[in-house]
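Hi,

Here's the model I promised to pass on. Have a look, and my notes follow below.

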Amino acid sequence: DIDYLTKTDGGYTLKLRITEPVVLTVGGSASGDSSKTNEGKTDDPKNGLDSDLVAPFTDVRTTDYYANAVKWAVEKAITLGTSDTTFSPDMTCTRAQILTFLWRAVGSPKAETENPFTDVARDDYYYDAAIWAHQMGMVKGSAFEGDTPCTRASTVVYLWKNANMPAGGASVFEDVPADADFANAVSWAVDAGVTVGTGETTFSPDMICSRGQIVTFLNRAVNQ
């Protein structure tokens, strides 16, 4: 039964004392707006596409934390997705992918030295990116190992070296030893707002990064 109905600045406050579910329809007929889906998402009546999606992708919503970074990456031709309609934000990002994304973000410079890698062929999409990364000191040795999953530690190291290795503050993370080869990069990444870690005291340096995370970190790092 209804206790009372009171008028407020925003409309009305209805207080109920009920034992069964109640469905209320306010400001329209029971049929509702035909442009609304059952999930409450708004569809574009002109083309039938969910307007909450980041076009042209069906797997990126405007509410996703990486939505703006995905749009930026596509607009800058840093990545075009994994197909015409998918970005695959949860897919593991590899060393070849992140270094190619970063290389494109800085203008796709042509390789100026001989190829130092035994596992990188001239027709590989990441050929110039790999050699550039070697020049920048991001990857050393004779093996590039492009399919290696990219970790959070290696990601911030790549971004830090691209930023000319600026000094950072003291690490607040228990899982980042002061003498770790990625410690300065982590401190810089936090100071620069690239990442705040996975917890108040954890950075999770060995955690594998997804494509959604990588474009987010990259967008934050190069657009400061």
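Which residues touch the most other members of the largest nonpolar core? They are Val60, Leu99, Met138, Val139, Phe144, Tyr158 and Leu159, in a core of 54 residues. (A nonpolar core is a set of buried Ala, Val, Leu, Ile, Met, Phe, Trp, Tyr and Cys residues joined through side-chain atoms within 4.5 Å; buried means under 20% relative accessible area, with a 1.4 Å probe and protein chains only.) At least two residues of this core come from each of α1, α2 (95-105), α3 (127-135), α4 (152-162), α5 (183-191) and α6. Helices are DSSP runs of H or I, at least four residues, and strands are E runs of at least two, numbered from the N terminus.

Before I go on: this is a predicted model, with local features needing pLDDT of at least 70 and side-chain atom pairs pLDDT 80 or more, while totals for chains, interfaces and linings use all residues. Residues are numbered from 1 along each chain as its sequence is written, and side-chain values use heavy atoms, leaving out hydrogens and water.

Take Met138: setting aside neighbours within four places in sequence, Met138 is in contact (heavy atoms within 4.5 Å) with Leu99, Leu102, Trp132, Ala133, Tyr158, Lys161 and Asn162.

Then there's Val54, in the loop between β2 (11-16) and α1. Val54 has 4% relative accessibility, so it counts as buried. Beyond the neighbours within four places in sequence, its contacts are Val60, Arg61, Thr62, Ala67 and Lys71. Val54 and Lys71 sit 17 residues apart in sequence, with their C-alphas 7.3 Å apart.

Cheers

Technical notes
Buried means under 20% relative accessible area, exposed over 50%, partly exposed in between (1.4 Å probe, protein chains only).
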